[in-house]
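Visitor: I would like to go through this model with you, asking at each step what a term rests on. Could you show me the sequence and the structure?

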Amino acid sequence: LVNLDSDKFEIQNDYELIQNWFIDQGWGDGLPIVPPTQDRVDRMLLGTVMKADHIVGEIPPNYGSATVERIAINAVMAGCLPEYLPVVLAAVEAISDPAFNLYGIQATTHSCAPLVIVNGPIRESLGMNSSSGAYGPGWRSNATIGRAVRLVLLNIGGGYPGIGDMSTQGAPSKYTYCVAENEEANPWLPLHVDRGFQKNDSTVTVLAGEPPHNINDHSGRSAEDILTLVAGAMAVTGANNAYTGGQTLLALGPEHANTINNDGFDKLSIAEWLSKRARVPLERYTHDTPMERFGRIPDGPVPMVSSSEDLIVMVLGGPGKHTSWVPTFGGTTSAVTRSIKLS
């Protein structure tokens, strides 16, 4: 927590002075921040019943202690409102789960970033965007919650580009990566119910994802039409999943989801269908690369969906015949879901 009332700042609200000082200290993501004054942090802490000194997780690669207060400081810097803090806390708890493999995700040369997916009633109460442009700008809750998680990774974990974060090219999703599922347009059960929670629970699911890969299908009139294009989009050798397996995310647009559902496909049917057809022919690999995944040269095409557990399906976005596929860090990470603690 920075004392912005000290003599260092002749005028506390000198915008340029504060911004430049934070940049000089190496604090932040390069965008302007909200100065984390004591009164702002105190107001942010009103958003949770958790004690300020409670450690939510240890954030690699520096393994800094992510206390509630430190997370609140970063939430202030990101522009969050106090009511967003429980979502940020749940996301930090989720990425701290060993199954998520945050150290590998922070330090890798890959372009992955924690994608924060929010489910349950809190989506509406916070005004989160789950419809048109859900991955994009324009919604304070989505933008600042995702940004707060990234600032925690930077300022508490030390995941700075070229130091703790060795991503070769990075990705715009490393600024902020947060969506809410469009449960109202989902013809199946929402994601958090699939993962063992009740429909009225509010949850966060984190996934170590690349930026979304758009899948455009304006001509498909059946489930198999649409899934044929999905299979083609997934069967690429550039994704980590082509070498190490693991979970990926299929975020179906509502129109595609309804067409698929109307043909009698549920989420399990989708995964089973893609496991047989989203396959990479061996000739697309160089000779040795399949060895990373199998320890041998396989007998046939490599499946991008090895089991139903390897495909996470959700519904996202608004009108339009588009879907997205989110490859991940691969087989060394798993999605993690946590309940959002509101009391």
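Guide: N182 lies in the loop between strand 4 and helix 8 (191–194), where helices (H or I, at least four residues) and strands (E, at least two) are DSSP runs, numbered from the N terminus. This is a predicted model, in which local features need pLDDT of at least 70 and side-chain atom pairs count only at pLDDT 80 or more, while totals for chains, interfaces and linings use all residues. Residues are numbered from 1 along each chain as its sequence is written, and side-chain values use heavy atoms, with hydrogens and water left out.

Visitor: Why is N182 called buried?

Guide: Buried means under 20% relative accessible area, whereas exposed means over 50% and partly exposed in between (1.4 Å probe, protein chains only). N182 has a relative accessible area of 8%, and therefore counts as buried.

Visitor: Which residues is N182 in contact with, leaving aside its neighbours within four places in sequence?

Guide: With those neighbours left aside, N182 is in contact (heavy atoms within 4.5 Å) with S130, S131, P254, V315, L316 and G317.

Visitor: What makes strand 4 an edge strand?

Guide: The open sheet has 4 strands in the order 4-3-5-12, with mixed pairing, and two strands pair if DSSP finds at least two bridges between them. Strand 4 (178–180) and strand 12 (336–339) each pair on one side only, as the edge strands. Strand 3 (residues 113–119) and strand 4 pair in the parallel sense over 3 bridges, and V116 stands opposite C178 in strand 4.

Visitor: How do you know that the span of helix 7 agrees with its number of residues?

Guide: The expected span of a helix is 1.5 Å times one less than its number of residues. The 17 residues of helix 7 should span 24 Å, and its end C-alpha atoms are 23 Å apart, so the two agree. Helix 7 (residues 140–156) lies across strand 3 and strand 4; 14 of its 17 residues are buried, so that helix 7 is mostly covered. Helix 7 is followed by G158, whose phi is positive, near 80°.

Visitor: What is the largest nonpolar core, and which residues touch the most other members?

Guide: A nonpolar core is a set of buried Ala, Val, Leu, Ile, Met, Phe, Trp, Tyr and Cys residues joined through side-chain atoms within 4.5 Å. The largest one has 54 residues, of which I71, V118 and V204 touch the most other members. Its largest share, 9 residues, comes from helix 4 (residues 85–95).

Notes: Axes fitted to C-alpha atoms, helices over the stretch in contact; angles between N-to-C directions.
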